[in-house]
Amino acid sequence: MNGTMARPHMTVRRRLQAIAAPLATGLVATMVAGCVLNKPPDAMAIREQALPTLQTPAQWAAAGAGAGEPADNWLASFNDDQLTAAVAEAIAHNADLRVGAARVEQALLHAKLAGAKLWPSVDVLARGGGKLSGDGSGLQGGVLSVNWEVDLWGRVRYGRAASAAQAASAQADFEYARQSIAALVAKSWFLAIEAGLQVEAARETIRASGELVRLADDRTRVGVGGQEEVFVARASVGGYRDVLRQLELGREQAIRALEILLGRYPSAAAAPSPELPGFPGEIPTGLPSALLERRPDVVAAERRVAIAFNRIQEAKAARLPAIALTTGVSSISSELFVLQDRDNPVWNFGANLLMPLFRGGALRTQVEIATAEQKQAIAEYAAVGLRAFGEVEGALSAEIAAREREQILAEVLLDSQQALNVVQVQFKVGSTDLRFVEQRQLTLNATRSALIHVQAEQRVQRVNLHLALGGSFELPPQAPATAAPVPPAP
């Protein structure tokens with residue numbers, strides 16, 4: 001009798017479950033669809049909040065800014081194939097860039113992991129063994145269970161949005177690191193060439209000083225000069241040789257620094273170009289108002305504000321009730337026992353509600369922590385933005401100053417060379433002594449060295465300007481060309 005009455009009861013319960021399941025699912029879907037996520041502040045809102053008193057000028061304050069938007073592929077403007085190859089080598093093998101690439105990969109995987117929580121979890125539990133099962137029950141069968149947390153308040157989606165913003169920030173940081181490495185290789189290249197030119201200038205000075213030693217000997221033999229002049233001339237040669245050795249060491253160190261950037265062993269075996277490349281013409285610098293949109297480091301700072309915003313919303317949603325839906329199907333049998341009131345398979349459906357009541361203030365504190373992190377992110381954005389403006393203005397001013405100094409030093413070098421020629425003739429005929437020759441020689445050496453440095457500095461500041469403007473050292477990747485349709489066969 002009991003068994004007869006149980007079957008209609010089980011049938012009614014299954015029907016109720018079959019009706020309740022789609023109703024509950026439809027109700028939850030409606031609730032979820034109605035919960036729209038708040039969007040983080042856009043770039044303009046972040047700028048106004050981070051830099052409320054900043055008045056961006058219509059044009060750059062420093063002179064020399066060219067009209068038009070900054071262009072990419074600035075590396076090609078130096079027309080140095082060796083430099084281009086060195087940058088490509090550094091991008092491929094630099095250890096710091098490999099670290100950055102690994103961080104981007106991790107951030108993308110974390111974003112993928114955060115999105116996985118939006119999907120139901122499905123698990124299977126199976127048991128077999130019959131009479132010889134481990135506990136002697138003879139139970140065997142399987143259970144398929146499905147559990148899904150309804151993201152009613154957006155907690156999971158805010159977490160996914162924060163992870164996605166973290167991945168975007170890591171990608172922007174990595175892109176800025178690539179641009180920085182390319183710029184650092186180019187500047188190190190120019191400095192290594194400068195060091196080589198300084199070495200050659202020092203060797204030329206030693207040769208000229210050796211000639212003064214010979215002239216001092218000749219003057220001593222004919223009785224015009226004294227032995228003191230010979231000793232002074234030799235001492236000068238020794239001093240220049242010491243300077244040469246210091247310059248040679250500086251060149252080796254510059255090459256080692258370059259080799260480390262390239263991912264090579266620092267053996268000072270690299271051979272940069274013997275001469276500085278030609279200086280490119282004027283470049284477009286764009287408008288100050290558009291700078292923050294181009295710089296990858298500013299974009300990364302902007303994404304960090306979005307991360308903090310989504311973390312705040314995630315922490316707020318964690319204070320609200322959590323709902324989870326469960327369903328499953330099971331089929332269990334036993335060779336030793338009779339399972340009463342059970343038809344295989346058995347379907348089930350249910351829901352769980354978790355309402356946080358008291359956590360010692362932990363949930364509220366998490367909201368406050370996330371809010372403080374957003375304040376920090378906005379302040380960091382302000383620092384990055386101001387630094388970006390300062391780098392452009394500084395690079396423009398430094399390049400102009402180096403260009404003007406080059407013109408001045410070129411004239412000074414010509415006059416110093418002529419003055420040295422005159423005093424050398426006077427020294428030969430005995431109308432002046434060695435002190436005046438050495439003074440003119442020192443002036444000429446200092447001017448030549450300063451001119452070499454200024455010429456290299458011009459190119460270094462041009463690279464700094466490209467980096468500050470947010471331009472890329474390479475062309476942007478081209479979209480794959482669409483293949484032409486294959487004509488039909490005749």
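1. Helix α8 spans residues 296-317, 22 residues in total, and reaches 32 Å from its first C-alpha to its last. That is close to the 32 Å expected at 1.5 Å a residue, the expected span being 1.5 Å times one less than the number of residues. Of the 22 residues of α8, 16 are buried, so the helix is largely enclosed by the rest of the structure. Buried denotes under 20% relative accessible area, exposed over 50%, and partly exposed the range in between (1.4 Å probe, protein chains only).

2. The model is predicted: local features need pLDDT of at least 70 and side-chain atom pairs pLDDT 80 or more, while totals for chains, interfaces and linings use all residues. Residues are numbered from 1 along each chain as its sequence is written, and side-chain values use heavy atoms, without hydrogens and water.

3. The chain contains 10 helices and 4 strands, in the order α-α-α-α-β-β-α-α-α-α-β-β-α-α along the sequence. These elements are DSSP runs numbered from the N terminus (helices: H or I, at least four residues; strands: E, at least two).

4. Of the chain's 490 residues, 37% count as buried. Among contacts (heavy atoms within 4.5 Å) between residues at least 6 apart in sequence, 83% join residues at least 24 apart.

5. The accessible surface of the chain is about 27600 Å², with 59% belonging to carbon and sulfur atoms; areas follow the Shrake-Rupley method with a 1.4 Å probe.

6. Val 122 lies in strand β1 (residues 121-127) and counts as exposed because its relative accessibility is 52%.
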